[in-house]
Amino acid sequence: MYAQHKSCVKTPEGLSDYITCLIGTRRGCMINNPFLFILYINELVKMCYDGGCTGLYMNEMYPSVQLLIFADDVIMFNNAVSRLQHQASILSQFCRNYILTVYLSKTNVIVFRNGGIIRGN
């Protein structure tokens, strides 16, 4: 279906010449749904796991939670700056691999601590 995907632009003067589309999907295509996003985001989870990311211990059922994902939002957390940086580096590689963008204006770092200094590793 996408082997020779071409598109054109509708203007007041008519249709433009056709151009080959190397990325993306057609508007209204059945693949433009949460299933496609699940395939992408699952690769981020796999990259974190394969990259040796360690998460936070929650309980015996969840001994290493690294990410919380809801729709297109991802929360990465850890209890050490260096481990969080490692997760961010994997996210960066994931975005380069799949030509995705993280909007830094919507990105925050929040530090929770109970006194003392923030651990570096």
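Strands here are DSSP runs of at least two residues, numbered from the N terminus. Keep that in mind as you look through these views of a predicted model.

**View 1. Tyr18 sits in a loop between two strands.**
Look for strand 3 (14-15) and strand 4 (19-20), and you will find Tyr18 in the loop that lies between them. Is Tyr18 buried or exposed? Its relative accessibility is 56%, and exposed means over 50%, so Tyr18 counts as exposed. Tyr18 still has partners from elsewhere in the chain: leaving aside neighbours within four places in sequence, Tyr18 is in contact with Lys6, Ser7 and Cys8. Take Cys8, for instance: ten residues separate Cys8 and Tyr18 along the chain, yet their C-alpha atoms are 4.6 Å apart.

**View 2. Strand 5 and strand 6 form a hairpin.**
Here strand 5 (residues 67-70) pairs with strand 6 (residues 73-76) in the antiparallel sense, over four bridges. Which residue of strand 6 is the bridge partner of Phe70? The partner is Asp73. Two residues lie between the strands of this hairpin, and Ala71 in the turn has a positive phi of about 55 degrees. Most residues other than glycine have a negative phi.

**View 3. Ile99 follows helix 2.**
The phi of Ile99 is near 50 degrees, a positive value in a residue other than glycine. Ile99 has a relative accessibility of 59%, so this residue counts as exposed.

**View 4. The whole protein puts the close-ups in context.**
Now step back: how many helices and strands does the protein have? There are two helices and six strands, and from the N terminus on they run β-β-β-β-α-β-β-α. The C-alpha atoms fill a box of roughly 65 × 30 × 20 Å along the principal axes. A compact globule of 121 residues would have a radius of gyration near 14 Å, whereas this protein has 20 Å. Of its 121 residues, 17% count as buried.

How values were computed
Residues numbered from 1 in each chain as written. Predicted model: local features only at pLDDT ≥ 70, side-chain atom pairs only at ≥ 80, totals over all residues. Heavy atoms only, no water. Rg over C-alpha atoms; globule rule 2.2 N^0.38 Å. Buried < 20%, exposed > 50% of the residue type's maximum accessible area, 1.4 Å probe, protein only. Pairing = 2+ DSSP bridges. Contact = heavy atoms within 4.5 Å.
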